[in-house]
Amino acid sequence: LFTPTSLLVTGGAGFIGSNFINHFMAGNPGCRVINLDLLTYAGNLKNLTAVEGNASYRFVKGDICDAELVARLLAEEKVDAVAHFAAESHVDRSITGPDIFVRTNVLGTQTLLEASRLHAEKLPDFRFLQVSTDEVYGSLGAEGYFTEETPLAPNSPYSASKAGADLLVRAYFETFGLPTLNTRCSNNYGPYHFPEKLIPLMIHNILKKRSLPVYGDGLNVRDWLHVKDHSAAIERVLKRGRPGEIFNVGGNNEWKNIDIVKLVCDLMDERLGRAAGESRELITFVKDRKGHDRRYAIDASKLKRDLSWEPSYTFERGIAETIDWYLANQGWVEEVVSGAYREYYETQYGAA
Ligand code: NAD
Ligand code: DAU
């Protein structure tokens, strides 16, 4: 069992990173956590009010591509583990502007790996955990699952940049012996999910009675996992995974997009006191995403078997809690959908 004493989290102000910090700090009071985040449009310190002021927590605004800053933080904080979340994460944005995806996801990861390699030489024990995605495996037909042995076949600039990063992680393990770990998770949902992504976008638009854009025929399939279950999986891999290993993480919870949108409509109608079926009328089929992967499905049996991880949320409970969270946190949503986000939204879908 590896017990980190000083953990550098990158991208800790984003959706999964902030949920992870909140989860990890609650269960590991003896570990210092340093959150390095550039606060791009996707980063939001309001996600971290629960840990603000905690003496073991430090936030640093900065870029993972800044080699000097990263080296300084690793040394100054005597970091013995890195959990690397920072990334450009939205597939649609990677289609309209791929450059930043290569910079952040590939070059940023390599910068962290190189600094970690130099830093870890002097340490008895160290871990670098790369948080990655099932999208690196490409797209499935109606049958089958991605395992850790599935060849990488990314289809979008986003997933290609994540695959590039994963391969650099592998190379740093093979070439330099840096103790790396790599998780590949399916679609997350839960609190603090940025409302450019399917579930929070639908919740927001239903509330505003705006149209609900469903790409293509709506029959693409995603496997949804609650972000708290993903956080628990990452903690487990960090502490118990053998360096050099890859672990798939998934919920065994496949949904066609159109079915999930209808479900969210119905749950929202109940809560808003609208007539049954009212929100479904907002569903609008729009032009398909370019290169749209048809189906993702994860085989997470290695993680379950080797590290005894199990998801704790049923989807029924998780989606209901998530909708309630969004309804109770409209202030958070309103802030997020203003400013830079609005500009992006208008380019993507037209003025609201
Ligand atoms: P997100 O877009 O919500 O957050 C990304 C965070 O990274 C933001 O806080 C942003 O400010 C920060 N960041 C961006 N560029 C940076 C830079 N150059 N330096 C420092 N910080 C920077 O993303 P997310 O959905 O929380 O995803 C986190 C990680 O998990 C990503 O690596 C993503 O590929 C992976 N992942 C996401 C999902 C999902 O369903 N969202 C599933 C599997 C894996
Ligand atoms: O699988 C893990 C990945 O999940 C992560 O690596 C990514 O960072 C994360 O963004 C997510 O990628 P997806 O492309 O699957 O998520 P998104 O929420 O963008 O879309 C989910 C599905 O819904 C996808 O098939 C596209 C569709 N969609 C999405 C949006 C935003 C729509 O039909 N309409 C929409 O408006």
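Predicted model: local features only at pLDDT ≥ 70, side-chain atom pairs only at ≥ 80, totals over all residues.

Reader: OK, what pLDDT does the protein chain average?

Author: The average is 96, and 98% of the residues score at least 70. For the model as a whole, ipTM is 0.99 and pTM is 0.97.

Reader: Fine. How many helices and strands does the protein chain have?

Author: Twelve helices and twelve strands.

Reader: And what radius of gyration does the protein chain have, against what a compact globule would have?

Author: The protein chain has 20 Å, and a compact globule with 352 residues would have a radius of gyration near 20 Å, so the two agree. Along the principal axes, the C-alpha atoms fill a box of roughly 65 × 45 × 40 Å.

Reader: What share of the contacts is between residues 24 or more positions apart?

Author: Counting contacts with a separation of 6 or more, 83% of them join residues 24 or more positions apart.

Reader: Let's do the ligands. Which residues come nearest to ligand 1?

Author: G11, G14, A42, G43 and A87, out of 31 residues around ligand 1. The elements giving two or more residues to that shell are α1 (15-27), β2 (32-37), α4 (99-120), β5 (127-133) and β7 (187-189).

Reader: How does the shell around ligand 1 divide into nonpolar, polar and charged?

Author: There are 15 nonpolar residues, 13 polar and three charged.

Reader: And ligand 2, which residues are closest there?

Author: The closest are S89, T133, K197, L198 and Y215, with 19 residues surrounding ligand 2. Two or more residues of its shell come from each of α6 (198-207) and β8 (212-215). The largest share, three residues, belongs to β8.

Reader: What is S18 in contact with, neighbours within four places aside?

Author: Its contacts are G12, A13, N47, L48 and Y192. The Y192 one spans 174 residues along the chain, with the C-alpha atoms of S18 and Y192 separated by 8.1 Å.

Reader: Now the core. Which residues touch the most other members of the largest nonpolar core?

Author: L8, V9, A83, L129, M202 and V264, in a core of 80 residues. As general background, nonpolar side chains tend to be buried together in soluble globular proteins.

Reader: Pick V9. What is V9 in contact with, again leaving aside neighbours within four places?

Author: V9 is in contact with G17, F20, I21, V33, I34, N35, A83 and F85.

Reader: What about phi? What value does N252 have?

Author: Phi of N252 is near 50 degrees, a positive value in a residue other than glycine. N252 is in the loop between β10 (246-249) and β11 (254-256), and it is partly exposed, with 17 other C-beta atoms within 10 Å.

Author: S308 also belongs under this topic: its phi is positive, about 55 degrees, although S308 is not a glycine. S308 lies in the loop between α9 (301-307) and α10 (315-328).

Reader: And S308, buried or exposed?

Author: S308 counts as exposed, with 9 C-beta neighbours inside 10 Å.

Reader: Last one: where does A75 lie?

Author: A75 lies in helix α2 (residues 67-76) and counts as partly exposed, with 13 C-beta neighbours inside 10 Å. A75 and A120 are 45 residues apart along the chain, and their C-alpha atoms are separated by 9.7 Å.

Notes
Residues numbered from 1 in each chain as written. Chains lettered and ligands numbered in written order. pLDDT = per-residue confidence, 0-100. Near = placed C-beta within 6 Å. Helix = DSSP H or I, 4+ residues; strand = E, 2+ residues; numbered from the N terminus. Nonpolar A, V, L, I, M, F, W, Y, C, P; charged D, E, K, R; others polar. Rg over C-alpha atoms; globule rule 2.2 N^0.38 Å. Contact = placed C-beta atoms within 7 Å. Core = buried A, V, L, I, M, F, W, Y, C linked by C-beta atoms within 7 Å. Buried ≥ 20, exposed ≤ 12 C-beta atoms within 10 Å, placed from the backbone.
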